[in-house]
Amino acid sequence: MSPGRRDFIVAVLLSGTAAAVADMRPPSLEATTSFIAAAVQRHHARVSLRDDEERAWTVVAEFIHCSVEKRTSHEVRVFRTWEARTSVARWHLADTDAAAIRVTNDTRDGKRSFMVTVPCRDHRACVDRGRSGRDRLSYLEFRSDQIAQRVAAAFRHATNLCQESSSAPREEP
């Protein structure tokens with residue numbers, strides 16, 4: 001084999017190795033929160049406690065850097081008419097206990113669901129639910145354990161990134 005051809009093959013192998021290493025970097029905060037938002041939009045279980053009195057469930061998670069807003073919309077039957085209701089929960093990922101984010105399962109009406117529980121740090125009430133007050137946790141419900149586990153892992157990763165960025169010393173201009 002000629003030295004020029006050998007050098008070309010080595011260069012191709014090294015560039016392939018460099019690309020593989022680059023792909024192994026942990027995802028950025030933006031990529032992680034985009035994944036969570038997409039998973040919630042596509043896979044959140046639309047479960048109601050009283051199926052005949054509630055319908056049209058929609059859950060959306062929106063992120064602005066480390067701030068989370070989870071909006072739950074549904075319709076409730078009130079005296080033979082359907083009324084739209086929306087509840088909003090807001091919190092900051094830096095206030096979340098990353099180690100305590102977990103997935104639990106539940107069975108209701110013969111249907112299994114998997115709950116991703118996102119608690120506040122130090123048992124504080126960091127989740128603002130508007131008129132409903134403040135709470136110590138938020139949760140998301142999925143039909144798939146695999147999706148729930150991936151969302152929980154993404155929340156842990158995003159929480160760690162936000163806690164690192166909030167504790168890092170800021171440079172002054």
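View 1. At 79% relative accessibility, Phe79 counts as exposed; exposed means over 50% relative accessible area, buried means under 20%, and partly exposed is in between, with a 1.4 Å probe and protein chains only. Phe79 lies in the loop between S2 and S3. Helices (H or I, at least four residues) and strands (E, at least two) are DSSP runs, numbered from the N terminus. This is a predicted model, in which local features need pLDDT of at least 70 and side-chain atom pairs count only at pLDDT 80 or more, while totals for chains, interfaces and linings use all residues. Residues are numbered from 1 along each chain as its sequence is written, and side-chain values use heavy atoms, with hydrogens and water left out.

What is the phi of Phe79? Phe79 has a positive phi of about 50°, although it is not a glycine. For background, most residues other than glycine have a negative phi.

**View 2. Strands S2 and S3 make a hairpin.** The two strands have 2 residues between them. Strand S2 (residues 67–78) runs antiparallel to S3, and 12 bridges join them; two strands pair if DSSP finds at least two bridges between them.

**View 3. A second hairpin joins S4 and S5.** Here, too, 2 residues lie between the strands, and Asp109 takes a positive phi near 55°. S4 and S5 pair in the antiparallel sense over 7 bridges. One handy landmark is Val103, whose bridge partner in S5 is Val116.

**View 4. Asp122 is another residue with a positive phi.** Asp122 belongs to the loop between S5 and strand S6 (127–128). Its phi is near 55°, a positive value in a residue other than glycine. Is Asp122 buried or exposed? Asp122 counts as exposed because its relative accessibility is 63%.

**View 5. Three strands line up as an open sheet.** The order is S4-S5-S8, and the pairing is antiparallel. Strand S4 (102–108) and S8 are the edge strands, each pairing on one side only. On average, neighbouring strands of this sheet are turned by 30° against each other, direction ignored. Axes are lines fitted to C-alpha atoms, for helices over the stretch in contact, and angles run from 0 to 180 degrees between N-to-C directions. S5 and S8 pair over 6 bridges in the antiparallel sense, and Phe114 stands opposite Phe142 in S8. Helix H3 packs on the sheet, touching S4, S5 and S8, and its direction makes about 5° with that of S5. Contact means heavy atoms within 4.5 Å.

View 6. How far apart are the end C-alpha atoms of H3? They are 33 Å apart, which agrees with the 33 Å that its 23 residues should span at 1.5 Å a residue; the expected span is 1.5 Å times one less than the number of residues. The buried residues of H3 include Ile147, Val151, Phe155, Thr159 and Gln163. Among the elements that cover the buried residues of H3 are H2, S1, S3, S4, S5 and S8.

View 7. Which residues does Val151 touch, not counting residues up to four places away in sequence? Val151 touches Phe35, Ile36, Ala39, Val116, Leu140 and Phe142.

**View 8. Thr32 is a buried residue in helix H2.** Thr32 has its place in helix H2, and it is buried, with a relative accessible area of 5%. Leaving out residues up to four places away in sequence, Thr32 touches Pro27, Ala154, His157 and Ala158.

**View 9. Stepping back shows the whole protein.** The secondary structure comes to 3 helices and 8 strands. Of the 173 residues in the protein, 31% are buried.
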